[in-house]
Amino acid sequence: MLVARDVEVSVAEGVRILGPVSLEVAPGSLVALMGASGSGKSTLMRVLAGIAEPTSGNATWAEEETFRAVQSLGYVPQRESVHDRLTTREALRYAAMLRLDANAGIEERVSSVLDELGLVAQGDTLIRNLSGGERRRTACGLELVGDPQVLLLDEPTSGLDAVLERRLMQLFRQLANRGRAVLVATHATASLDLCDEVIVLQAGRQAHRGGPTGAR
């Protein structure tokens with residue numbers, strides 16, 4: 001289980017920008033992390049991804065601190081890191097070569113992820129020619145090729161219309177149903193019914209935590 005216990009982050013002169021925040025994301029569950037811009041969502045995501053250490057409190061996956069368990073964690077930041085001169089398959093293959101052993105069946109893994117994300121038909125399409133939703137799915141695929149047990153997604157539906165946002169959230173629901181722990185930072189409220197839990201941050205503090213009913 002992905003667990004945060006009383007996580008706080010402070011910057012220069014002890015100014016606290018996050019916390020305290022506590023949460024759990026179990027395998028098989030989809031949790032939404034909500035809040036206005038500047039509420040601390042991205043800061044918390046970076047701690048959970050093992051990229052940044054908290055000033056106090058701790059974040060763990062399977063009882064190991066996240067910065068020591070990064071190989072089990074997939075993190076998709078707000079800014080996409082997909083190279084638009086590669087095809088979808090080439091981008092996933094390159095990511096797989098960085099994450100997997102040379103004898104790990106890279107081509108099979110890439111094909112599996114394309115199928116899982118509904119991108120088989122776009123496998124030979126240049127990234128620059130993909131739609132917004134397809135680019136977001138490809139960005140997720142860069143992490144999924146490593147078969148992480150946890151998937152952390154920072155504003156993956158930002159800028160998408162309501163239909164594409166719903167489709168992407170349905171995809172995240174499916175990824176969770178296959179046994180992953182999935183945490184999605186989002187501003188969108190239309191698809192909260194797909195989530196098991198909703199956590200709301202306000203000015204760096206946890207303002208709400210509960211089921212999707214009434215979360216809006």
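Cys195 has a relative accessible area of 5% and therefore counts as buried, where buried means under 20% relative accessible area, exposed means over 50%, and partly exposed lies in between, with a 1.4 Å probe and protein chains only. Before I go on, please note that this is a predicted model, in which local features need pLDDT of at least 70, side-chain atom pairs count only at pLDDT 80 or more, and totals for chains, interfaces and linings use all residues. Residues are numbered from 1 along each chain as its sequence is written, and side-chain values use heavy atoms, with hydrogens and water left out.

How many disulfides does the structure hold? The number is zero, taking a disulfide as a pair of cysteine sulfur atoms within 2.5 Å. Cys140 is in no disulfide, and the nearest cysteine sulfur, that of Cys195, is 14 Å away. Cys140 is also buried, because its relative accessibility is 1%.

I turn now to the interior. In soluble globular proteins, nonpolar side chains tend to be buried together. A nonpolar core is here a set of buried Ala, Val, Leu, Ile, Met, Phe, Trp, Tyr and Cys residues joined through side-chain atoms within 4.5 Å. The largest such core has 38 residues, and those with the most contacts inside it are Leu30, Leu153, Phe172 and Val182. Two or more residues each come from strand 3 (30-34), helix 2 (88-99), helix 3 (106-116), helix 4 (132-144), strand 7, helix 5 and strand 8 (181-185). These helices (H or I, at least four residues) and strands (E, at least two) are DSSP runs, numbered from the N terminus. Which element gives the most to this core? That is helix 5, with six residues.

Leu30 deserves a moment here. Leaving aside its neighbours within four places in sequence, Leu30 is in contact with residues including Met169, Phe172, Val182 and Cys195, contact meaning heavy atoms within 4.5 Å.

Thr157 is a loop residue, placed between strand 7 (150-154) and helix 5 (162-177). Is Thr157 buried or exposed? With a relative accessible area of 6%, Thr157 is buried. Not counting residues up to four places away in sequence, Thr157 touches Arg136, Glu165, Leu168, Met169, Thr186 and Ala188.

Next come two residues of another loop. Both Ala52 and Thr55 are found between helix 1 (41-48) and strand 4 (56-61). Ala52 counts as partly exposed, at 26% relative accessibility, whereas Thr55 counts as exposed, at 51%. Ala52 and Val9 are 43 residues apart in sequence, yet their C-alpha atoms are 9.3 Å apart in space. For Thr55 and Gly14, 41 residues apart along the chain, the C-alpha separation is 9.5 Å. Thr55 touches Glu8, Val9 and Ser10, again not counting residues up to four places away.

On the surface, Val11, Val15 and Ile17 form a nonpolar patch with about 220 Å² of accessible area together. Patches are made of residues with over 30% relative accessible area and no salt bridge, like charges being joined within 9 Å and nonpolar side chains (Val, Leu, Ile, Met, Phe, Trp, Tyr) within 5 Å. The areas come from the Shrake-Rupley method with a 1.4 Å probe, and for residues only the protein chains shown count as cover.

My last topic is charge. A salt bridge is a side-chain nitrogen of Lys or Arg within 4 Å of a carboxyl oxygen of Asp or Glu, and the count comes to 14 salt bridges. In one of them, the side chains of Glu24 and Arg209 meet at 2.3 Å, N to O. Glu24 lies in strand 2 and Arg209 in strand 10 (residues 205-210), so the pair ties together parts that are 185 residues apart in sequence.

Asp147 forms a salt bridge with Arg109, the closest N and O atoms being 3.6 Å apart. Why does this pair tie together parts that are 38 residues apart in sequence? The reason is that Asp147 lies in the loop between helix 4 and strand 7, and Arg109 in helix 3. Asp147 also forms a salt bridge with Arg180, at 3.3 Å between the closest N and O atoms. Arg180 is buried, at 8% relative accessibility. Salt bridges that share partners join Arg109, Glu116, Asp147, Arg178 and Arg180 into one network.
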